[in-house]
Amino acid sequence: MITFIASLVALVLGYLLYGRFVERVFGPDDRVTPAVAKADGVDYIVLPNWKVFMIQFLNIAGTGPIFGAIMGAKFGPAAYLWIVLGCIFAGAVHDYFSGMLSMRHDGAGQPEIIGIYLGETTKKVMLVFSVFLLMMVGAVFVYSPALILGKLCSDDLQWVYIWCAIIFVYYIIATMLPIDKIIGKIYPLFAISMLFMAVALMAVLFVKWPTLPELYDGISGEGYTTPIFPALFITIACGAISGFHATQSPLMARCIKSERMGRPLFYGAMITEGLVALIWATVSMYFFYGGAAQELGEPLTLQAPQVVTSVCEGWLGMFGGILAMLGVVAAPITSGDTALRSARLIIAEFIHLDQRSIMKRIWICVPLFGATMLLLFYNIENPDGFNVIWSYFGWANQTLAVFTLWAITVYLVRQRKAYWITLLPAIFMTVVCSSFLMVSKNAFGFDMMVGYGVGGAAFIVAVAWFAAWLRRESKKH
């Protein structure tokens, strides 16, 4: 528990100290924000700050900081290091600049921002990449809650299809309606439920005070044979850094009245997500290494959603079971609908199609939802479909973060600001994604040494390329 407490304190200090430093680097001011200048009653609407925070938190979180932390906890105390350091120095910085640059560019989406700083070719590649990633989120986050709800009704697969259809209907409604009609009303309630669940579980941890693996005992988990690098940094994404967040921050960048609220709303939401991930990583270490599985009468082989249900019901009773259901059902659904909403806006921005008219929203949504349904069908019909899509999503998610970090770095260089705050995580994540692509079974599947070699080469190329670009950029001024 000592490492857990130290990590909690570190995240809070990270927000108070490093978050303020990052804010000073950007320099928010009193200019008119897109929520006011481009108000359209659909996507550009000023919302109360507390609602923006709750929606942003739920948008970027979903079940990511829960499931990712549970799977990442198997790596042992190394998970603490990645959540704390990744969240403070990479994820929160990534989310803050994603939101603030969107505001500075009239509410532009993530591919548009990347295009401004990395070029039109990169923009087009990232447009396809981002939309496909968001469709994968929509497909995965339809199937997992539909599977749970379907099994509650019957073992017949027909019920899974019925729940998929019901969730898809909700997706269509939530994606097309003005953001304050459904998302603005129910998201804060789900966010509060998720935060309450995390706080309640943390209270139980303090009461039980279990003996857990500590950093001073070593960073690896007992008997876990998968190499920490690069797998840990892909497994725990939403609790540390996630490219998906760069597609979500513009949604709230279109709803903020003042740039000065950026630090609590963007940097703060990510730190909050890190706290949730930290709590679930600790709960999971107790489950896998501290004897909680035996106390609850469960095998150590439980999958992440089952761990959530077992722990919540066992520790928090019937109320905990309700919270667990919200966590494994409602949270992924809310992530799926905002993912598809982001996809609609990214496509509309690229083809310059105004979204005030509902018919113009329909023109984009029909093919978008059609393609997502094909991914969903593959997910259901292929026995290993979920794992395949999730594996690709994990790598694509972090690769998106790489491009976003490089775009922010270019912005900071051109503004003559402290570009190292994103350069260092950009280089690190470039190495992580390059290595993982080589060793992943769903990609090249090479030996780990090949992965390390490619990762090392990626480091050298990234540093050399940036140094050469920086030299050319310096000569322009």
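Modeller: In this predicted model, a residue counts as buried when its relative accessible area is under 20%, and as exposed when that area is over 50%.

Colleague: Is Gln56 buried or exposed?

Modeller: Gln56 sits in helix α3, which covers residues 49-61. Its contacts beyond four places in sequence include Gln248, Met252 and Phe266. The relative accessibility of Gln56 is 0%, so Gln56 is buried.

Colleague: Is Leu17 buried or exposed?

Modeller: Leu17 belongs to helix α1, residues 2-26. It is part of a nonpolar surface patch with Val9, Val12, Leu13 and Leu16, and together the five have about 440 Å² of accessible area. The cut-off for exposed is over 50%. Leu17 has a relative accessible area of 57%, and therefore it is exposed.

Colleague: At which residue does α1 bend?

Modeller: The 25 residues of α1 should span 36 Å at 1.5 Å a residue, and the end C-alpha atoms are 35 Å apart, which agrees. Even so, the helix has a bend of about 35°, and the residue there is Gly14.

Colleague: Which residue just after α1 takes a positive phi?

Modeller: Helix α1 covers residues 2-26. Just after α1 comes a residue with a phi of about 80°, and that residue is Gly27.

Colleague: How many residues of α17 are buried?

Modeller: Helix α17 runs over residues 420-439 and reaches 29 Å between its first and last C-alpha, close to the expected 28 Å. The helix is largely enclosed by the rest of the structure, because the buried residues among its 20 number 16.

Notes. Residues are numbered from 1 along each chain as its sequence is written. This is a predicted model: local features need pLDDT of at least 70, side-chain atom pairs count only at pLDDT 80 or more; totals for chains, interfaces and linings use all residues. Side-chain values use heavy atoms; hydrogens and water are left out. Helices (H or I, at least four residues) and strands (E, at least two) are DSSP runs, numbered from the N terminus. The expected span of a helix is 1.5 Å times one less than its number of residues. Buried means under 20% relative accessible area, exposed over 50%, partly exposed in between (1.4 Å probe, protein chains only). Contact means heavy atoms within 4.5 Å. Patches are made of residues with over 30% relative accessible area and no salt bridge: like charges are joined within 9 Å, nonpolar side chains (Val, Leu, Ile, Met, Phe, Trp, Tyr) within 5 Å. Accessible areas come from the Shrake-Rupley method with a 1.4 Å probe; for residues, only the protein chains shown count as cover. A salt bridge is a side-chain nitrogen of Lys or Arg within 4 Å of a carboxyl oxygen of Asp or Glu. The bend at a residue is the angle between axes fitted to the seven residues ending there and the seven starting there.
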